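Student: Could you walk me through this structure? I am new to it and would like to go step by step.

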Amino acid sequence: MPLLALLRQRGVISDLPTPSGPIAEELGRYDAHMRDARGLDTSTRVNRLRIVQRLLLAKFAGRPVRFERLSPDDIRRFIAQQFELRNTKSNAITINGALRGYLRWRGSCGDAVRPLLGVITSPPNWSLAGLPRALTPEQVERVLSSFTGPLRSPRRGYAIARLALDLGLRTGEINQLRLDDIDWQHGTVTLKRTKSRRQDVLPLPHATGKALEDYLRHERPATGSRAVFVRRLAPHDRPLGVDGIRVVLRRALRRAGIAHASAHALRHTLACRLVGGGSPIKEVADVLRHRSLNTSLIYAKLNVGALSEVALPWPGSAS
């Protein structure tokens, strides 16, 4: 937790003033729509609200929000300004998605949004164009071996890495894991707060369970929090945040000498291991808890044996 946030929580300094005014009210209504009508996760809503707020401030700062005065040129100008700050494909996709979502909501409210939507163009992004960035078995071993004694919380980091590698848990799912979610008698772990907003029961492999037990018995601070992974530094009653979990995994990847890899690479590694072992794509989708089978189709490109059976002969070749 940032120092200023902690001081405000303890009452040492005053809270920040609650945002008010026409723009804050507009953002509040849009946030309620994303939460109640679309069921979007908190982090997704926060990111989209931040982009929409920039747009509204650029056009209506200090004035009432008169949506009918928002023109296609305003949208073009705003997008160009955002690209000047960070000109990447991922940023373009994020900005365009946030703007489209907001404009479509305004369209459902009866506003004319077709001319505004028409000026939002996304960069080329071909589905299934790339390959998942997975770790090799040797790299996995280096990552797991990097949680050594000199680290401040090696057992916690090792348990987090095993959950990502063995169960394919997302960082948000690791963050939401509670002590009551682990059934030690039956060897299962229940995910109740998933991205897809459903409850999943997964088997708990022996190595993963042993890593969790080792952390809980020997390293987890004494706290009343029911979160499995808590902060090492005070306040201990707070779960380790999603960003903190990403940092744990990214640092392990760096210690293992693996550059340009994200925490999500560990989840990809599980999927690739399943495909390499002959598991069908439907099984991979079930293990990764994808709502749509299409999300898992990218892993089919890694099954070289199955692809070779359906490949057509080169024109003019003997076979």
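Tutor: Let us begin with Ala24, which is found in helix 2. Helices (H or I, at least four residues) and strands (E, at least two) are DSSP runs, numbered from the N terminus. The model is predicted, so local features need pLDDT of at least 70 and side-chain atom pairs count only at pLDDT 80 or more, while totals for chains, interfaces and linings use all residues. Residues are numbered from 1 along each chain as its sequence is written, and side-chain values use heavy atoms, with hydrogens and water left out.

Student: Is Ala24 buried, partly exposed or exposed?

Tutor: Ala24 counts as partly exposed, at 24% relative accessibility. Buried means under 20% relative accessible area and exposed means over 50%, with partly exposed in between (1.4 Å probe, protein chains only).

Student: How far apart are Ala24 and Leu56 in space?

Tutor: Their C-alpha atoms are 9.8 Å apart, and the two residues are separated by 32 residues in sequence.

Student: Moving to charges, how many salt bridges are there?

Tutor: A search of the whole structure finds 19 salt bridges. The term refers to a side-chain nitrogen of Lys or Arg within 4 Å of a carboxyl oxygen of Asp or Glu. One of them joins Asp31 and Arg45, with the closest N and O atoms 2.6 Å apart. This pair links distant parts of the chain, since Asp31 is in helix 2 (residues 22-37) and Arg45 is in helix 3 (residues 42-60), 14 residues apart.

Student: Are Asp31 and Arg45 buried or exposed?

Tutor: Both Asp31 and Arg45 are buried.

Student: What about Asp74 and Lys59?

Tutor: Their side chains meet in a salt bridge at 3.0 Å, N to O. Asp74 lies in helix 4 (residues 72-85) and Lys59 in helix 3, so the pair ties together parts that are 15 residues apart in sequence. Asp74 is buried, with a relative accessible area of 12%, whereas Lys59 is partly exposed at 22%.

Student: Which residue forms a salt bridge with Asp73?

Tutor: Asp73 pairs with Arg76, the closest N and O atoms being 2.8 Å apart. Because they are 3 residues apart in helix 4, about one helical turn separates Asp73 and Arg76. Asp73 is partly exposed at 45% relative accessibility, and Arg76 is partly exposed at 44%.

Student: Which residues are linked in a network of salt bridges?

Tutor: Glu26, Arg29, Arg106 and Asp111 are linked in such a network.

Student: New topic: the strands. How many bridges join strand 1 to strand 2?

Tutor: Strand 1 (residues 182-183) and strand 2 run antiparallel and are joined by 2 bridges. Two strands pair if DSSP finds at least two bridges between them. Asp183 has Thr188 in strand 2 as its bridge partner. The two strands form a hairpin with 4 residues between them, and Gly187 in the turn has a positive phi of about 65 degrees.

Student: And what joins strand 2 to strand 3?

Tutor: There are 4 bridges between strand 2 and strand 3 (residues 200-203), which run antiparallel. Val189 has Leu202 in strand 3 as its bridge partner.

Student: Which residues of strand 2 lie on each side?

Tutor: In strand 2 (residues 188-191), Thr188 and Thr190 are on one side, and Val189 and Leu191 are on the other. Both faces are covered, and these four residues are all buried. In a regular strand the side chains alternate between the two faces of the sheet.
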